[in-house]
Amino acid sequence: MFRKFQAHPDLKDFVLFYFEMDWQSAQAHQNRGYLCLPTGCSFIGFQKKGRMQVKIDDFTYETEAYFLNVQTTIPYEMFTREPDLQVIAACLKPTAIAQLFKIDVSRIINTGMNPRNLFADHLKNFSDVFEKETKTSEILALLDEVFLKQLEHSRPKSNFIDIAVDLIMQQKGIISIEELVGRFKVSTRYFQKKFKEMVGISPLLYIKIIRYNFLFSSFSQQSPNFASSAAPLYFYDSAHYSKSFKDYLGMNPSEFDLSQYPFIKLTAIEQAVWINAFRELAD
């Protein structure tokens with residue numbers, strides 16, 4: 001189960017939405033893995049039941065009860081060895097962690113960390129209630145309160161990197177570093193430095209992630225192919241597309257069977273939850 005919820009209106013520049021994932025299995029300790037794409041978003045998650053493991057390349061880590069991830073740059077697998085997993089998470093704009101907590105986000109890429117220290121005492125009341133509360137609406141109200149307190153504490157200011165992210169979204173990832181630099185009249189080196197400080201990764205890599213998210217949102221229920229998707233917008237021809245797709249996903253487009261990847265099918269294609277959230281803000 002995957003359900004979305006709106007955050008408090010005053011958080012719209014930082015929290016894209018909240019969501020709840022609830023996995024259940026009839027067999028205890030059955031491994032259930034879901035291939036996931038990088039989203040371009042950041043996440044702070046709170047696990048009420050079970051613990052999620054994340055496998056990225058040859059590295060596997062177990063998330064803590066509360067976890068933070070700024071960016072994931074390559075496809076990865078989520079799984080759990082427990083019979084039940086319930087996670088409530090905040091999906092954040094890519095600059096939100098840097099703005100709300102004033103930390104070097106480039107150190108939290110392709111891994112997770114415990115966010116308790118970032119919130120100081122703001123999580124204490126939330127933690128006390130989270131363990132006992134069963135209503136998702138009440139938990140989300142508490143999360144709103146936690147983020148609103150952090151927003152008041154940090155007093156973040158608008159910056160040109162947020163505008164750059166909006167432009168990347170508006171152009172569906174079809175934009176060059178030169179175009180972005182020209183828009184803000186800064187040097188390429190300064191732009192790349194500030195982008196990495198705020199988002200955690202280079203603007204070129206971020207553009208690639210967004211391109212693939214828009215590409216996947218154009219796929220039909222069939223296996224993705226060059227002609228029936230948005231691929232001609234991003235690639236010179238089908239050979240270029242196949243090579244890039246294989247480099248990114250580890251398989252050719254013809255080998256990618258959507259029925260085998262339900263989480264991607266649901267979140268990146270059928271609902272396009274990450275891209276649609278960005279698009280609503282950028283429009």
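This is a predicted model: local features need pLDDT of at least 70, side-chain atom pairs count only at pLDDT 80 or more; totals for chains, interfaces and linings use all residues.
Which residue in S9 does Lys49 stand opposite?

**View A. Pairing of strands S4 and S9.** Strand S4 (residues 42-49) and strand S9 (residues 84-92) are joined by seven bridges in the antiparallel sense. Lys49 stands opposite Gln86 in S9.

**View B. The open sheet of five strands.** The strand order is S1-S2-S9-S4-S7, and the pairing is antiparallel. Strand S1 (2-5) and strand S7 (66-69) form the edges, each pairing on one side only. From one strand to the next, the twist averages 20°. Strands of a sheet pair through backbone hydrogen bonds, in either a parallel or an antiparallel manner.

**View C. The hairpin of strands S5 and S6.** Strand S5 (residues 53-56) runs antiparallel to strand S6 (residues 59-62), and four bridges join the two. Ile56 has Phe59 in S6 as its bridge partner. Two residues lie between the strands of this hairpin, and Asp57 in the turn has a positive phi of about 55°.

**View D. Packing of helices H7 and H9.** Two packed helices are described by the angle and the distance between their axes. Helix H7 (residues 203-217) packs with helix H9 (residues 238-249) at an angle of about 110°, the axes being 13 Å apart. Because this angle falls within the range of 65 to 115 degrees, H7 is roughly perpendicular to H9. On the H7 side, the contact comprises Lys208, Ile209, Tyr212, Leu215 and Phe216, which meet Tyr241, Ser244, Phe245, Tyr248 and Leu249 in H9. By class, the contact of H7 with H9 has eight nonpolar residues, one polar and one charged.

Terms used. Residues are numbered from 1 along each chain as its sequence is written. Side-chain values use heavy atoms; hydrogens and water are left out. Axes are lines fitted to C-alpha atoms, for helices over the stretch in contact, and angles run from 0 to 180 degrees between N-to-C directions. Angles under 35 degrees count as roughly parallel, over 145 as roughly antiparallel, 65 to 115 as roughly perpendicular and the rest as oblique. Contact means heavy atoms within 4.5 Å. Ala, Val, Leu, Ile, Met, Phe, Trp, Tyr, Cys and Pro count as nonpolar, Asp, Glu, Lys and Arg as charged, and the others, Gly among them, as polar. Two strands pair if DSSP finds at least two bridges between them.
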